[in-house]
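Have a look at the structure first, and then we'll walk through it.

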Amino acid sequence: MKTSSQKFLIIFLLAVQSISAQTFIQSYADVVSQVSQTNVTANLTAFENLGVKRRGTAPLQNTLNWLKNKYLSYGYTAGQMVEDSYTNGTYTCKNLILTKIGTVYPNTYVIVCGHYDSITGTGTNDNGSGVVSILEIARLLQNIPTEYSIKFINFSGEEDGLIGSQHYVSSIVNGTTPKMNIRLVFNLDEVGGVAGMTNNTITCEKDTNGTPSTNNAVSATMTDQLITCVGLYSPLNTFLSYAYSSDYMPFQSNNEIITGFFETNETPHKHTATDLLANMDPVYNYKVAKAATGAVMHFAVANPALGRNDFNEDFQVSFFPNPAKDYITINLGLLTEASYQFSLIDTNGKVVSEKVIDHPNQLEKINISSVSKGMYLAVLDANGKKISKKIIID
Ligand SMILES: [Zn+2]
């Protein structure tokens, strides 16, 4: 029989364990170590060469195309990318959304975002620096399963008053019933540092906005976790401040949980023709990308060690929820075939449901309400590429 002091000790130890739960994970550090200074600098150079990315201009569209080609080169498919268009006065602008479906919580999203538009100058720091950080995270996580889904979002219209992110929140996040379920919005804006200064600190931003205030406490918790990630996965120090005036704010107003990165040495070149690579610190940007990669792995609960081979052998195809009731969603993963056949096979080998889907969307919702409860094999056959997984219908 345990004495009360032993009980107390156990409760105390459990409390300590839960406080220190966010520990260093070697497999995360191994991924973070693959963040590339060469890529960061080359992408900053390419971003700068694309010109002034104002609304309604060819450079803005060219930057969008450049981003899409980058994601394709990392192994993502066109089907995983969606353009979200909106009109601002006489201009049509686009946000670009790349979605990676999670393995455990496919309907809950970690949003990693930063704007790609600029004003007056090329915006190499504001916000090429955030863009190239997001590119490195997306590149490294392409073949790593994460429990939560991730949306990598490149917003336009930030410099026009956050109109790209406002449009996204009102028409996409709130555009379905129920609305999109967001675990966290992690915004990266102006993280390039200042040439000639000692750039060794990143500002981590929590929500202190009072309208609404109901999301502030969780933002503070998530920002604490962000600070811990910076310490675990990068050489940078942290400075805690508050979120304002960037693409996380429309999410904040929508009562979502937000956090963000912003440079601590603040560039005097933003929104001018001298916001150039020559005036920033690409080594600092590289360190920020490392910290951000570790943080996204933490928030989306990446699993680099387990299941990586299975995950990719199956073209990242998944069926959810599991157990399923009435509906099942088919995630096309990395397949690009123009059609596929979906079937459900019972334990006697009998096909109980079959459907051919032409020109499939990335996610297809299938009605299975007529199928009896039990264990089945869900099979997706795309031109001979056959993926099968056990599912339970409830
Ligand atoms: Zn910015």
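Contact here means heavy atoms within 4.5 Å. Helices (H or I, at least four residues) and strands (E, at least two) are DSSP runs, numbered from the N terminus. Keep in mind that this is a predicted model, where local features need pLDDT of at least 70, side-chain atom pairs count only at pLDDT 80 or more, and totals for chains, interfaces and linings use all residues. Residues are numbered from 1 along each chain as its sequence is written, and side-chain values use heavy atoms, with hydrogens and water left out.

Let's start with helix α6 (residues 163–173). Its buried residues (under 20% relative accessible area, 1.4 Å probe, protein chains only) are Ile163, Gly164, Ser165, Tyr168, Val169 and Val173. They pack against β1 (81–88), β2 (91–100), β3, β4 (148–155), β5 and α8 (249–253).

Two helix pairs are next. Axes are lines fitted to C-alpha atoms, for helices over the stretch in contact, and angles run from 0 to 180 degrees between N-to-C directions.

| Helix pair | Angle | Axis distance |
|---|---|---|
| α5 (residues 124–141) and α9 (residues 282–299) | about 45° | 9 Å apart |
| α3 (residues 37–49) and α4 (residues 58–73) | roughly 155° | within 10 Å |

So α3 and α4 are roughly antiparallel, a label for angles over 145 degrees. Asn43, Ala46 and Phe47 of α3 meet Thr63, Trp66 and Lys70 of α4. For α5 and α9, the residues in contact include Val132 and Ile137 of α5 and Ala289 and Val296 of α9.

Finally, what about the loop between α4 and β1? Thr77 lies there, and Thr77 is buried, with a relative accessible area of 7%. Its C-alpha atom is separated by 7.1 Å from that of Thr336, 259 residues apart along the chain. Leaving aside neighbours within four places in sequence, Thr77 touches Leu72, Gly333, Leu334, Leu335, Thr336 and Gln362.

How values were computed: Buried means under 20% relative accessible area, exposed over 50%, partly exposed in between (1.4 Å probe, protein chains only). Angles under 35 degrees count as roughly parallel, over 145 as roughly antiparallel, 65 to 115 as roughly perpendicular and the rest as oblique.
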